[in-house]
Structures are given as C-alpha cells and as structure tokens.
Amino acid sequence: MMLLGHGTVYGEQYYTVAPPTESLPWGDMALWCIETFGPSTGSIWAAIQEPGERWYANNSKFWFRSEADRTWFLLRWS
C-alpha cells in the first residue's frame, strides 16, 4: 500500500508517496523518476541542492512538486 501525504521544502508544497519498499525496488523507482522527470539532487537534506526541484527522494518517500507527477508515479508503480 502506498502512503500519500504532503509537506514543504523551502516553503514550497510537495506531494509525497511512501512506497512499500520491502516489495518494490527503490532503485528502480528512483531510476524511473530520473528518466521520467529528470535528475534531482536526490535528497531534500543534501548538503548541496537546488530549491524547487521537480522531485526529491528522502526518508523512504518520493516528494513531487506537482500532484500530477505523483499521480504518474502511482500509476506506474501501483
């Protein structure tokens, strides 16, 4: 079951999804995000990062700037 939520990064709204990592390949999901949405700093807590990126991965969640991008992720991995 995918757990949905939301949060803020640098004051911007993000839509989150926490996949069941025990049954889905995290690396494959991250690679799919890179291929689909473009590269990201990877972590919202990275020492060097760009604010306002399209997506991040952190704390066993994927963070999407756009609710539509989160929906694409859910469609692909559900």
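**Entry 1: Arg65**

I started with Arg65, which is partly exposed in this predicted model, with a relative accessible area of 31%. Next I looked for its partner. Arg65 makes a salt bridge with Glu12, and the closest N and O atoms are 2.4 Å apart. The two residues come from distant parts of the chain, 53 residues apart. Glu12 belongs to strand E2 (residues 12-18), while Arg65 is in the loop between strand E4 (61-64) and helix H2 (67-77). I checked Glu12 too: at 32% relative accessibility, Glu12 is partly exposed.

Arg65 turned up again when I looked at rings. It lies over the face of Tyr14, at 5.6 Å from the ring centre.

**Entry 2: the other salt bridges**

How many salt bridges did I end up with? The count comes to three.

One of them joins the side chains of Arg54 and Asp69, at 2.6 Å from N to O. This pair also links distant parts of the chain, 15 residues apart: Arg54 is in the loop between helix H1 (26-37) and strand E3 (55-58), and Asp69 is in helix H2. Buried or exposed, what is Asp69? I found Asp69 buried, with a relative accessible area of 6%. Arg54 is partly exposed, at 41%.

Another joins the side chains of Glu67 and Arg70, with 3.6 Å between N and O. The cut-off is 4 Å, so I can count this pair. Both residues sit in helix H2, three residues apart, which is about one turn of the helix. I noted that Glu67 is partly exposed at 42%, whereas Arg70 is buried at 9%.

**Entry 3: the sheet**

Then I turned to the strands. I traced an open sheet of four strands in the order E1-E2-E4-E3, with antiparallel pairing. Which strands are at the edges? They are E1 (3-9) and E3, and each pairs on one side only. The twist averages 30° from one strand to the next.

I went through the pairs along the sheet:

- E1 and E2 pair in the antiparallel sense over seven bridges, and I picked out Thr8, whose bridge partner in E2 is Gln13.
- E2 and E4 are antiparallel too, with three bridges, and here Tyr15 has Phe64 in E4 as its bridge partner.
- E3 and E4 pair over four bridges, again antiparallel, and Asn58 has Lys61 in E4 as its bridge partner.

Where do the helices go? I found H1 packed on the sheet, touching E3 and E4, with its direction at about 15° to that of E4. H2 lies across E1, E2 and E4 and runs at about 10° to E2.

**Entry 4: aromatic rings**

My search of the whole structure gave nine aromatic pairs. I wrote up two of them.

Tyr14 and Tyr56: the ring centres are 5.5 Å apart and the planes are at 50°, so I call the pair tilted. Tyr14 lies in strand E2 and Tyr56 in strand E3, so the pair ties together parts that are 42 residues apart in sequence. Both residues are buried.

I checked how open they are: Trp26 is partly exposed, with a relative accessible area of 29%, while Phe62 is buried, at 0% relative accessibility.

Which residues share an aromatic cluster with Trp26 and Phe62? I listed Trp32, Phe37, Trp55, Phe64 and Phe73. Phe64 is a name I already had from the sheet, as the bridge partner of Tyr15.

**Entry 5: one more charge over a ring**

Note on methods. Residues are numbered from 1 along each chain as its sequence is written. This is a predicted model: local features need pLDDT of at least 70, side-chain atom pairs count only at pLDDT 80 or more; totals for chains, interfaces and linings use all residues. Side-chain values use heavy atoms; hydrogens and water are left out. Buried means under 20% relative accessible area, exposed over 50%, partly exposed in between (1.4 Å probe, protein chains only). Two strands pair if DSSP finds at least two bridges between them. Axes are lines fitted to C-alpha atoms, for helices over the stretch in contact, and angles run from 0 to 180 degrees between N-to-C directions. Contact means heavy atoms within 4.5 Å. Rings of Phe, Tyr and Trp (its six-membered ring) pair if their centres lie within 6.5 Å; planes under 30 degrees apart count as stacked, over 60 as edge-to-face and the rest as tilted. A charge sits over a ring if NZ of Lys or CZ of Arg is within 6 Å of the ring centre and within 35 degrees of the ring normal.
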